[in-house]
Amino acid sequence: MTRLKEFDYIRAISIIAVIMIHIGTSGLIIRYGNEITLKHPMSTYYIYHQVTAFAVSAFVCISGLVLCLKYKDKSFNYFKFIGTRIWYIIIPFAIWTLVYLKLNNLITVEGSGKINLPFDQLGIALLSGGAYYHMYYIPLLFSLYLLFPLFRLIAKKFKSPWWLVLLLLFQHYAQIRFNTALTPEALKLFQFRYFIFLFAVGCYIGEHYDEVKTFINKHINAIVGLLGVVLLYKIVFFYYSVYHLKTSFKDVPQTITFDNRIYTLLIIALIIYITPQVKNRVVDLILDRLGKNSFGIYLIHPLILRGIDDIVKQNKWFNLSSEAVLVVLVITVVISYAISELVNLIPYGYLFVGKNDRAIGVLKVPKLSDIVTIEVIKK
C-alpha cells in the first residue's frame, strides 16, 4: 500500500498546533518567577489552547494508525521493528538531548576545553525526555512502540471496537494507581499511561481503515456537529474553572482529559474526510512536506523559538504579544522545516532529524511484460 496523503495532513496540522501551543505559553501569558498570569483578562489564550489541544494526542493516534496499516499484510519481526525505531527516532532524540542540555547550561566547557557532562542528568533526560519541555514525547512514544505488538494483535482479533472502552477504563484506573504508588520523579518515566487509549484507537483504525473511512464519509455531518459541541464544552469548562472556581489556569488539565481524547479523534476524522477535497496544489505541497518533516520540525522548533525570544529581548523590538503570534509561527515553521529538509539531504542526515519520507509500504514497479501488454492494448 502506498503512503496515504491524509496521514501527512494530520501530521502537518498537528505540528503547526504544537508550535502554536509553545508560542502561546510565551506570547499570551506573563511570568513573574513561579507566578503565571494572563496578559489581559479576556485573553485569546482560552480559545487558543483549547483549539490546539489535540496536537500531541493526534501524533500518538496517527502513529498507531500508520504502524497497523503498514504491517497489516506484512510479516512482523519485533526486534527488527524496535531496531528501526532506535535508528530513526532514539538516535536523533539522544543527539538533540545533548543539544538541549547544552542550551540549558547543563553541559559546560572548561577553559582547557574539557567538557563536563553530568551523566546522572543525562540518564534521566534520556529516560524521561527531561532535557527540554517538548522532549518527553519521544520516550513516551517509544514506550508505546514497545507495546505495539499487543495492540496490533487485539485489533486483529476483535473487529468490534468495544474492547477500547474497557481499555479506556483500565487506563484511568492505571493512572490513579500510578499517581498514588509512584513518586513524581518516577511518574515522568510512565507518561505513556495517558496515551495508551489513543494509541490503541489508532491501531484499531489502521487495522480496519477502509471500514472506518466509509463510516466517516457517511456520518461527516454528525462528526462536525459533535466536534463543535465538544470544542464549545472545552472552552466553557476552561472559562468556568478559571473565572468562577478561581482555579489557576495552569492547573486546569487540557491534553489528558476525556473530552480532549474525543476532540482529537473527531479532528482526525475531519482531516481524513477533508484531505481528498483539497485541490489547491500549493496547500497540498505545503502540508505534504510539513507532514513528512514533522519529526524533524518537532525536534528543532524550540531552538528556533528560543533564538527568536533572545533576539526580541536583546533588541527590544516588540513584545511577543498575541498580535505577534502569527508572525512568530510562520518564521518558526519555515526555518524548522528548512533545516529538517536540508539536513535530510546530507549523508546520514536522518540521524539528526529522522527520515522525512517514511513510506507506508513500497510502490509496486510494473513489470516489463505488463508495460508491453499495456502498449499493445493501446495500439
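Q: Is Arg289 buried or exposed?
A: Arg289 counts as buried, because its relative accessibility is 18% and buried means under 20%. The model is a predicted one, and the values here are computed from it.

Q: Where does Arg289 sit?
A: Arg289 is in helix H13, which covers residues 281-292.

Q: Which side chain does Arg289 meet in a salt bridge at 3.8 Å?
A: That of Asp288, with the 3.8 Å taken from N to O. Asp288 is buried, as is Arg289.

Q: And which side chain joins Arg289 in a polar contact of 3.0 Å?
A: The side chain of Glu341.

Q: What about Lys292, which side chain does that one meet in a salt bridge?
A: Lys292 pairs with Asp288, at 3.0 Å from N to O. Both of these residues are buried.

Q: How are Lys292 and Asp288 placed in helix H13?
A: They are four residues apart in the helix, so about one helical turn separates them.

Q: Which residues are linked in that network of salt bridges?
A: The network links Asp288, Arg289, Lys292 and Glu341.

Q: Why would side chains like these pair up at all?
A: Side chains of opposite charge can pair when their charged atoms come close.

Q: How many salt bridges does the count come to?
A: The count comes to 10 salt bridges. One of them joins the side chains of Arg11 and Asp8, at 3.4 Å from N to O. Arg11 and Asp8 lie three residues apart in helix H1, about one turn of the helix. Arg11 and Asp8 are both buried.

Q: Helix H1 came up. Where is Ile19, and is it buried or exposed?
A: Ile19 belongs to helix H1, residues 5-27. Ile19 is buried, with a relative accessible area of 0%.

Q: New topic: cysteines. How many disulfides does the count come to?
A: The count comes to zero disulfides. Cys61, for one, is in no disulfide, and the nearest cysteine sulfur to it belongs to Cys203, 8.7 Å away.

Q: Are Cys61 and Cys203 buried or exposed?
A: Cys61 is buried at 0% relative accessibility. Cys203 is buried too, with a relative accessible area of 0%.

Q: Now rings. How many aromatic pairs are found in the whole structure?
A: The search finds 22 aromatic pairs. One of them is Phe54 with Tyr263: the ring centres are 6.2 Å apart and the planes are at 70 degrees, so this pair is edge-to-face.

Q: Which parts does the pair of Phe54 and Tyr263 tie together?
A: Phe54 is in the loop between helix H2 (45-51) and helix H3 (55-70), and Tyr263 is in helix H12 (residues 258-274), so the pair ties together parts 209 residues apart in sequence. Phe54 and Tyr263 are both buried.

Q: What kind of pair do Phe76 and Phe81 form?
A: Phe76 and Phe81 form a tilted pair, with 5.2 Å from centre to centre and 50 degrees between the planes. Phe76 counts as partly exposed at 22% relative accessibility, whereas Phe81 is buried at 1%.

Q: Which residues do ring pairs link into a cluster?
A: The cluster is made of Tyr71, Phe76, Phe81, Tyr145 and Phe148.

Q: Which residues form the nonpolar patch on the surface?
A: Trp162, Val165, Leu166 and Leu169 form it, with about 480 Å² of accessible area together. Trp162 is in helix H7, residues 162-181, and counts as exposed at 64% relative accessibility.

Q: Last one: what does the side chain of Arg193 reach at 2.8 Å?
A: The backbone oxygen of Phe190. The side chain of Arg193 also makes a polar contact with the side chain of Tyr194, at 2.7 Å. Arg193 is in the loop between helix H8 (184-187) and helix H9 (196-207), and is buried at 4% relative accessible area.

Key
Residues numbered from 1 in each chain as written. Predicted model: local features only at pLDDT ≥ 70, side-chain atom pairs only at ≥ 80, totals over all residues. Heavy atoms only, no water. Patch = residues over 30% accessible without salt bridge, like charges linked within 9 Å, V, L, I, M, F, W, Y side chains within 5 Å. Areas by Shrake-Rupley, 256 points an atom, 1.4 Å probe, with all protein chains shown as cover. Salt bridge = Lys/Arg side-chain N within 4 Å of Asp/Glu carboxyl O. Helix = DSSP H or I, 4+ residues; strand = E, 2+ residues; numbered from the N terminus. Buried < 20%, exposed > 50% of the residue type's maximum accessible area, 1.4 Å probe, protein only. Disulfide = S-S within 2.5 Å. Polar contact = N/O pair within 3.5 Å; in protein donor to acceptor, adjacent residues only side chain to side chain. Phe/Tyr/Trp six-rings, centres within 6.5 Å; stacked < 30°, edge-to-face > 60°.
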